[in-house]
Amino acid sequence: MGRNGQPMRVSVIGTGYLGLTHAVCMADLGHDVLAIDVDAEKITKAARGEAPFFEPGLEPLLRKNLDAGRLRFTSSFAEVGEFGDVHFICVGTPQTKDGSGMADLSYVFGAADALAPHLTRATLIVAKSTVPVGTSRQVIGRLRAAAPAGDRVDFAFNPEFLREGYAVQDSLTPDRFVFGVTSAAADELIRQVYATPLDSGIPGLTMDIETAELVKVAANSFLATKISFINVMAEMCEASGADVLKLADAIGIDERIGRKFLSPGLGFGGGCLPKDIRAFRATAEEKGVTSLVDLLATVDGINLGRRERVLVLARGAVGGDVSGKRIAVLGAAFKPNSDDIRDSPSLAICGRLADEGAIVTVHDPVAMTNAARVRPDLRYADSVHEAAEGTDLVLHLTEWADYRAIDPTALRAIVASPVLIDGRCTLDAAAWRAAGWTVLVPGRPG
Ligand code: NAD
């Protein structure tokens, strides 16, 4: 509901991980929601109550709001333009394929261009897609130039901070809302959309559009830096015979540092952090902020280096050459509680091992269909035991909670050679060793 207790008419453009979650959560706040995507299959599935990706808690909420008649899906931008008082742009901003690291803004501009001719009355466009600073001004210009409503089209940039795996709770109860606006009216309207969570005490920070654009990429860059920091500490620990987990606990207890995002291991992947820091680096290059370019290049390099480190350990664990070796890989998603395999560290390692001649069998609780689409050359197993049977090496590369429940004694009985590399530093190494395994954990002794 809006601030006056009335539902608002909200549209959501793009129904991927961000957009579908946002549409469902907007409906759950009591608004009337119409969502659109250029992918007809996604729309058909969502309208049937099926989320086209795995996200805990999303499907029940999708069905609840479909049944309540608060959420509909369409393929018509004319219908969206006619319907919405507030339109959220939630389309993808992937990395361009030219190696520059820049964000591909064609989907954002495409969505704006498709919507603009149908904006015939005063309306608010809210961009949520993560974009380089300065993009919003370009979007506003395009919209106003092409919309019949012209300058009565207002604009806000409202970055999204949700984490896949916790997307619903993060959307409905984030740490803060950020509103980048150019008018008091836009600020008032976006605050009406989020009246329920704002009234519950969640901070809403209003600022200029450029600062809001930078807030999102600065937050992701800080998180990425924190992960790469603990991973260089892992390297230092390995070189010194020290234990990075104990180090992380000891420094993380300091409130100024904090334990979150100090998990050593394989580093970050996914559809956000890697491409966001690369796009930010490209923007910093354009603007001549060389210290930021250097920082982000280092963070990215450290992160990619973790994958190399696991490959080195894997080759060493099987005598120097993985060719012909049977390797089980636990986890394909870029992180647990998600089926997202975009820039998955695990799949990158699987690919390299397979390219070097290893026979790689992958298990993941939910991401195998997506993984098989991009790496059909790998083998996939329905259970950990099926994946591990007869293998020379087991790699733990995505830290699903299920894997912490594996019985190492039972698994020991079916492998050819009991060697485990715990790339995520989350398994109970002592228990695995007690069951007869050789356990290698980057950054930990032994
Ligand atoms: P996604 O690829 O899952 O979804 C993007 C969707 O937009 C796709 O379904 C695509 O078909 C659709 N689309 C593309 N062009 C369109 C158009 N012209 N009209 C309508 N639909 C169109 O991507 P995502 O993960 O949801 O990310 C979307 C944006 O949100 C990105 O900028 C991302 O950086 C940002 N973001 C994502 C997350 C996350 O956890 N996934 C978190 C915060 C921010």
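User: What does Cys 350 touch, leaving out residues up to four places away in sequence?

Analyst: Cys 350 touches Val 329, Val 360, Val 362 and Leu 378. Contact means heavy atoms within 4.5 Å. This is a predicted model, where local features need pLDDT of at least 70, side-chain atom pairs count only at pLDDT 80 or more, and totals for chains, interfaces and linings use all residues. Residues are numbered from 1 along each chain as its sequence is written, and side-chain values use heavy atoms, with hydrogens and water left out.

User: Is Cys 350 buried or exposed?

Analyst: Cys 350 is buried, because its relative accessible area is 0%. Buried means under 20% relative accessible area, exposed over 50%, partly exposed in between (1.4 Å probe, protein chains only).

User: Which helix is Cys 350 in?

Analyst: Cys 350 sits in α14, residues 345-355. Helices are DSSP runs (H or I, at least four residues), numbered from the N terminus.

User: New topic. Which residues have the most contacts inside the largest nonpolar core?

Analyst: Leu 20, Leu 71, Phe 73 and Phe 88 do, in a core of 43 residues. Such a core is a set of buried Ala, Val, Leu, Ile, Met, Phe, Trp, Tyr and Cys residues joined through side-chain atoms within 4.5 Å.

User: Which helix gives the most to this core?

Analyst: Helix α1, residues 17-28, with eight residues. Another core, of 35 residues, lies apart from it, with Val 80 and Leu 143 among its members.

User: And what does Leu 71 contact, leaving aside neighbours within four places in sequence?

Analyst: Its contacts include Ala 23, Val 24, Leu 62 and Asn 65.

Note on methods: Helix = DSSP H or I, 4+ residues; strand = E, 2+ residues; numbered from the N terminus.
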